[in-house]
Amino acid sequence: MNSIIEQSIKQKRTVLTELESKKLIAQYGIETTSINLARTEAEAVKLSDNIGYPVVLKISSADITHKSDAGGVKVGLKNAAEVAEAYKNIMTSCLKYCPTAVIEGVTVQDMAKPALEVIIGVTTDPQFGPVIMFGLGGVWVEVLKDVVFRLIPIEKVDAQKMIREIKGFNLLKGYRGQEPANVELLENLLLKVSDMIVKNPEISEMDLNPVFVSKDKAIAVDARVILFK
Ligand code: ADP
Ligand code: MG
């Protein structure tokens, strides 16, 4: 069994933190941001200096899965002073949001360049087993429900079809001067997710939300993995 999953099961936790989830997906060749845990404000500043600005700070707690809702995400921090302030703000608002949360600290991440946002998800159907979902981010999924599903495992031709089936596919090909997204990288990413789920039957759900896709990159900026109870 994968050691990150094994450790979580030993601790009787079914929700992996973003840090654990990103370490796990990286083992299956899925590109993510750099990510490190800081337990104090001073550590957060030191890590940020090492990574180079701008950086992103996010709350790290198994009890807070929707980090933005808790005021736990600060992006585009440009210097040590901004990091120090963000650290304090994150702690204050997250403790207000969930006073009983056990907080590990914050993660310090490099800031991914803005790009087209897509979502890849995995859920488990009680009858058919694991299902992979793909869609564009933002209003496309929230308002228009423009998403497609396939049973896992998928093959290359399935990944190709999934991406072309969404109504917003034209957006991936570039619009209003925006550069096109790399569709082949996206196909490979869907295959890597499928492969990871096949190899780790303990996983019941997973979210890469969002993935930033550009001409030369498909990078998961957030990840959440949930295990079966
Ligand atoms: P949540 O737990 O609320 O889903 P996310 O980790 O998805 O938190 O962060 C919220 C938003 O902040 C993302 O949708 C993305 O737009 C932005 N973001 C998060 N991490 C990064 C990063 N490392 N680089 C650039 N943008 C980021
Ligand atoms: Mg997210």
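Two strands are taken to pair if DSSP finds at least two bridges between them, and helices (H or I, at least four residues) and strands (E, at least two) are DSSP runs numbered from the N terminus. In these terms, strand S2 (residues 55–60) and strand S3 pair in the antiparallel sense over three bridges, and Lys 58 has Val 73 in S3 as its bridge partner. The model is a predicted one, in which local features need pLDDT of at least 70 and side-chain atom pairs count only at pLDDT 80 or more, while totals for chains, interfaces and linings use all residues. Residues are numbered from 1 along each chain as its sequence is written, chains are lettered from A and ligands numbered from 1 in the order in which they are written, and side-chain values use heavy atoms, with hydrogens and water left out.

The domain assignment gives domain 1 (34–110) and domain 2 (116–227), with bounds that come from an automatic or database domain assignment. The C-alpha centres of domain 1 and domain 2 are 27 Å apart.

Strands of a sheet pair through backbone hydrogen bonds, either parallel or antiparallel.

Two packed helices are described by the angle between their axes and the distance between the axes. Helix H3 (residues 41–51) and helix H4 (residues 80–97) pack at an angle of about 140°, and their axes are 9 Å apart. H3 is therefore oblique to H4, given that angles under 35 degrees count as roughly parallel, over 145 as roughly antiparallel, 65 to 115 as roughly perpendicular and the rest as oblique. The H3 and H4 crossing is right-handed; a crossing is left-handed if the near helix is turned anticlockwise from the far one by less than a right angle, and right-handed if clockwise. On the H3 side, Glu 41, Ala 44, Val 45, Ser 48 and Asp 49 meet Ala 80, Val 83, Ala 84, Tyr 87 and Lys 88 of H4. The residues of this contact comprise six nonpolar, one polar and three charged, where Ala, Val, Leu, Ile, Met, Phe, Trp, Tyr, Cys and Pro count as nonpolar, Asp, Glu, Lys and Arg as charged, and the others, Gly among them, as polar.

For helix H6 (residues 156–165) and helix H8 (residues 183–199), the axes come within 9 Å and cross at roughly 120°, which means that H6 is oblique to H8. H6 passes H8 in a right-handed crossing. Residues of H6 in the contact include Ala 159, Met 162 and Ile 163, and those of H8 include Leu 186, Leu 190 and Leu 191. Seven nonpolar, two polar and four charged residues make up the contact of H6 with H8.

Strand S5 (residues 116–125) has antiparallel pairings with strand S8 (residues 203–213) over six bridges and with strand S6 (residues 129–136) over eight bridges. Val 122 is bridged to Met 206 in S8, and Ile 120 to Phe 134 in S6. S5 and S6 form a hairpin, with three residues between them.

Most residues other than glycine have a negative phi, and most peptide bonds are trans. A cis peptide bond, with omega about 0°, joins Tyr 53 and Pro 54; Pro 54 is placed in the loop between H3 and S2. The bond from Ile 152 to Pro 153 is also cis, with omega near 5°, and Pro 153 lies in the loop between strand S7 (147–151) and H6. Lys 12, although not a glycine, has a positive phi of about 55°, and is found in the loop between helix H1 (3–10) and H2.

Methods
Axes are lines fitted to C-alpha atoms, for helices over the stretch in contact, and angles run from 0 to 180 degrees between N-to-C directions. Contact means heavy atoms within 4.5 Å.
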